[in-house]
Amino acid sequence: MSVIQLISPSMITYRGDIFGMIPSPPIGLASLAAYVREKGFEVNILDCFGESPCASREYRKEFIRIGLGEEEIFERIDREAMLIGISIHSGMVASFCLNLALGIKKRFNIPVVVGGPHVSGNYKDFLKGGVDFAVIGEGETPLIVLVQRLSSGGVVTDIPGVVSKERSSKPAPNTPVDMDVLPFPAWDLVPLANYWALKMTHAPVSGRFAPIITSRGCPFNCSFCSTPFISNRKWRGYSPRRIVSELEYLKEQFGIEDVFIQDDNFSINSERVIAFCELLERKNLGIRLSLPSGIRLETISPELVPWAIGINACASVTASILTIIMAMGLGFDATLAIGLATYGIALLCFMLIKNEGTELLA
Ligand code: B12
Ligand code: SF4
């Protein structure tokens, strides 16, 4: 049977950057793996951070690498694989992943596809660098079509969402999958216990934890954020029933007690959030929820506030703070934030000060 190996790279981060070192089990790859497996292909995940989360080494002067080193990764490459996929979250890990891809091709002669948020905006760098395929946006449909075509010897240059060495012009956008029919992430393929042993992740935890995604995309258009570009400003979410089923699966199969919601914009549809919270309350699963990625402040309606308190929500005023700093008057109402604080919700502001190649804002 055709085997696909999916690689979540080691963590690369600036030395001393605590935020960049937060471990999080690779839900994107676990979701892709579940989808590919459901379509009848054999799949495994090589989680380079998760396999060795305490091994840290200096990497190119300013950075550190946490997880497996390149040689250790090469030793674990599945030589039976017909395709290897590498997930690239941000620019931090981009050159590490490009070297990895080229090493895999040179040593094992297996085609490599890259995907993830960083690839969606920078796919040309990877194709120029010598990678075979890059997926733009969501991975499920493009990856499965690519795998099917490769295993049947079909044409691989006209797949929506996929660019290749042979055809690097922007492809037709891929068809988004129906959220509610997506299988639960294949957590059986990820060394979750190694993450639990660290007792550190994106939100405070006390026991076994896992991330969850309940929606994809965001209709807002914050200038510094890649989500509008990746999602085309379209938002779609799981039904409350589907979210609760996934929580039940996490509890029953893995004994999960803490779940953190990593959506781009969890609270855009307050009716959905309230229906979910009511259903969850009825099920009484004993799971604690957090929203460490934040909530767009303007999406919190008064009827959402009591539920937000229950969820351990963290209201993000990212865009709004920028607005104040730049005095551009984009309509942020500071009283909203103050109003939330009176309910006892602690507010945390994320600030974007500067990125490589941009002007210093503040
Ligand atoms: C959790 C998270 C973190 C956590 C944990 C990260 C980790 N260790 O994995 C922490 C807090 C540490 C973090 C840090 C950073 N993050 Co972050 N993070 C997220 C967040 C909120 C959720 C990721 C997630 O689980 N997504 C859900 C899954 C289902 O989606 P996915 O992984 O993207 O996978 C899908 C597709 O991308 C694709 N895909 C992914 N991999 C592959 C591989 C193949 C082969 C294929 C075919 C497809 C494919 O298919 C998947 C299913 O459709 C996202 C925003 C978001 N909601 O996605 C930002 C996000 C990924 N982070 C971002 C950034 C910028 C950062 C930082 C650079 C911030 C900073 N300045 O420090 C650091 C970098 C850290 C590092 N050292 O590399 C940006 C990336 C922007 C970009 N590259 O264009 C995002 C998109 C936020 C944003 N909207 O701007 N992050
Ligand atoms: S609200 Fe959040 S996810 Fe949406 S565009 Fe702004 S920063 Fe990105």
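Let's start with a sheet. Three strands, β2-β5-β4 in that order, form an open sheet with antiparallel pairing. A strand here is a DSSP run of E, at least two residues, and a helix is a run of H or I, at least four, each numbered from the N terminus. Two strands pair if DSSP finds at least two bridges between them. Which strands stand at the edges? They are β2 (11-14) and β4 (56-59); each has a single partner strand, so one side of each is left without a neighbour in the sheet. On average, neighbouring strands of this sheet are turned by 30 degrees against each other, direction ignored.

A word on the model. It is predicted, so treat it that way: local features need pLDDT of at least 70, side-chain atom pairs count only at pLDDT 80 or more, and totals for chains, interfaces and linings use all residues. Residues are numbered from 1 along each chain as its sequence is written, while chains are lettered from A and ligands numbered from 1 in the order in which they are written.

Back to the sheet. β4 and β5 (residues 63-66) pair in the antiparallel sense over 4 bridges. Arg57 has Arg65 of β5 as its bridge partner.

Now the other sheet. The order is β10-β13-β14, an open sheet of 3 strands, and the pairing is parallel. β10 (209-212) and β14 (288-290) are the edges, each with a single partner strand, so each has one side without a neighbour in the sheet. The twist averages 25 degrees from one strand to the next. β10 pairs with β13 (residues 258-261) over 4 bridges, in the parallel sense. Phe209 has Asp258 of β13 as its bridge partner.

On to helices. α1 and α5 pack at about 45 degrees, axes 10 Å apart. Axes are lines fitted to C-alpha atoms, for helices over the stretch in contact, and angles run from 0 to 180 degrees between N-to-C directions. That angle makes α1 oblique to α5. The scale: under 35 degrees is roughly parallel, over 145 roughly antiparallel, 65 to 115 roughly perpendicular, and the rest oblique. Which residues of α1 and α5 make the contact? Leu32, Tyr35 and Val36 of α1 meet Glu140, Leu143, Ile144 and Val147 of α5. Contact means C-beta atoms, placed from the backbone, within 7 Å. By class, that is 6 nonpolar, no polar and 1 charged. Nonpolar covers Ala, Val, Leu, Ile, Met, Phe, Trp, Tyr, Cys and Pro; charged covers Asp, Glu, Lys and Arg; the others, Gly among them, are polar.

Next pair. α8 (residues 240-254) and α9 (residues 270-283) pack at about 40 degrees, with axes 9 Å apart. So α8 is oblique to α9. From α8, the contact takes Pro240, Arg241, Ile243 and Val244; from α9, residues including Phe276 and Leu279. The classes are 7 nonpolar, no polar and 3 charged.

Last, the ligands. Ligand 1 has 42 residues around it, with Gly28, Gly85, Ser87, Gly115 and Gly139 coming nearest. Near means a C-beta atom, placed from the backbone, within 6 Å. Which helix gives the most to this shell? α1, with 5 residues. The shell has 19 nonpolar, 19 polar and 4 charged residues.

Ligand 2 has 12 residues around it; Cys218, Phe220, Cys222, Cys225 and Asp264 come nearest. Two or more residues each come from α7 (227-231) and α11 (318-326). Its shell holds 6 nonpolar, 4 polar and 2 charged residues.

Notes: Contact = placed C-beta atoms within 7 Å.
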